[in-house]
Amino acid sequence: MSDNQKFSSTVLPVLLFQQTLGAICFPIAKYGLGTIDPFVFAFYRFVISSAVLLLVVKFRKHDRPVERADYWKIFGLGVIIIPFNQAMYLFGQSLTGAGHGSVLFATTPIWIFLAALVHLKEKVIARRAIGIVLALVGVIITVTGGAIQISTEYLWGDIIILIAVFAWAYYTVLGKPLVRKYGAIRTTAYALASGSALYFPFGL
């Protein structure tokens, strides 16, 4: 089986499923934030997700232990993903429309692409460049088509969500070497747990 066939049969369905869940997240979050304070919402979300993932990691076998120096890198990812991505997103989403959050997060591949060029020294491949252009065109069409309302009413919420988008892009790029080294589930679990521990006193 070629690499393209492997991608089509395994990676593509997973990405599609993840994107579907991500799309559903925005209206659900907006609905929940209508009745729950965003920081309380974030508190329970972080604690529950961290507990579940740590439980999964506990019962999985691992090829190598996490090196001491990498714990600080994972903690740094936790700082990026919890306060600067998730908490900022929920706070920003409470100040703007659900459509705004989804459109702004649709620009994430663009920022990941640019950050990877700078920090990971990745090469510009035609397929990636085409994907980025398509993502940008999709965002422009959505914005100019009137699907979101551009006004000062939503400005602060949009700015805060944009900060969350930048954080998500950097989390993805800086976490890539650690994911390759320790696996996606373990890296994510430890990053979420460390970020949640940092957020815990404030959330409580």
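A residue is called buried when its relative accessible area is under 20%, exposed when over 50%, and partly exposed in between. The model discussed here is a predicted one. Ser-194 has a relative accessibility of 15%, and therefore counts as buried. This serine is located in helix α8. Leaving aside residues up to four places away in sequence, Ser-194 touches Ile-74, Phe-75 and Gly-78.

Helix α8, residues 184–203, also packs against helix α2, residues 38–58. The angle between the two is about 145 degrees, and their axes are 8 Å apart. The crossing of α2 and α8 is left-handed. On the α2 side, the residues in contact include Phe-39, Phe-43, Phe-46, Leu-53 and Val-57; on the α8 side, they include Ile-185, Tyr-190, Leu-192, Tyr-199 and Phe-202. Sorted by class, this contact comprises 17 nonpolar, five polar and one charged residues.

Helix α2 has a further partner in α3. The axes of α2 and α3 come within 8 Å and cross at roughly 130 degrees, which makes α2 oblique to α3. The crossing of α2 with α3 is right-handed. Here Pro-38, Phe-39, Phe-41, Ala-42, Arg-45 and Phe-46 of α2 meet Ile-82, Gln-86, Ala-87, Tyr-89, Leu-90 and Phe-91 of α3. The contact of α2 with α3 divides into ten nonpolar residues, one polar and one charged.

A pair of aromatic rings is described by the distance of the centres and the angle of the planes. The structure holds eleven aromatic pairs. One of them joins Phe-43 and Tyr-44, whose rings lie 5.4 Å apart centre to centre with 75 degrees between the planes, an edge-to-face arrangement. Phe-43 has a relative accessible area of 10% and is therefore buried.

Trp-72 and Phe-75 also form an edge-to-face pair, at 6.3 Å centre to centre and 80 degrees between the planes. Both residues lie in helix α3, residues 68–93, and are three residues apart, about one turn of the helix. Trp-72 counts as exposed because its relative accessibility is 64%, whereas Phe-75, with a relative accessible area of 32%, is partly exposed. Phe-75 is also among the residues touched by Ser-194.

Finally, one aromatic cluster is formed by Phe-39, Phe-46, Phe-91, Tyr-199 and Phe-202. Of these, Phe-39 and Phe-46 take part in the contact of α2 with α8 and also meet α3 residues, among them Phe-91.

Technical notes. Residues numbered from 1 in each chain as written. Predicted model: local features only at pLDDT ≥ 70, side-chain atom pairs only at ≥ 80, totals over all residues. Heavy atoms only, no water. Axes fitted to C-alpha atoms, helices over the stretch in contact; angles between N-to-C directions. Helix = DSSP H or I, 4+ residues; strand = E, 2+ residues; numbered from the N terminus. Left-handed = near helix turned anticlockwise from the far one by under 90°. Contact = heavy atoms within 4.5 Å. Nonpolar A, V, L, I, M, F, W, Y, C, P; charged D, E, K, R; others polar. Buried < 20%, exposed > 50% of the residue type's maximum accessible area, 1.4 Å probe, protein only. Phe/Tyr/Trp six-rings, centres within 6.5 Å; stacked < 30°, edge-to-face > 60°. Parallel < 35°, antiparallel > 145°, perpendicular 65-115°, else oblique.
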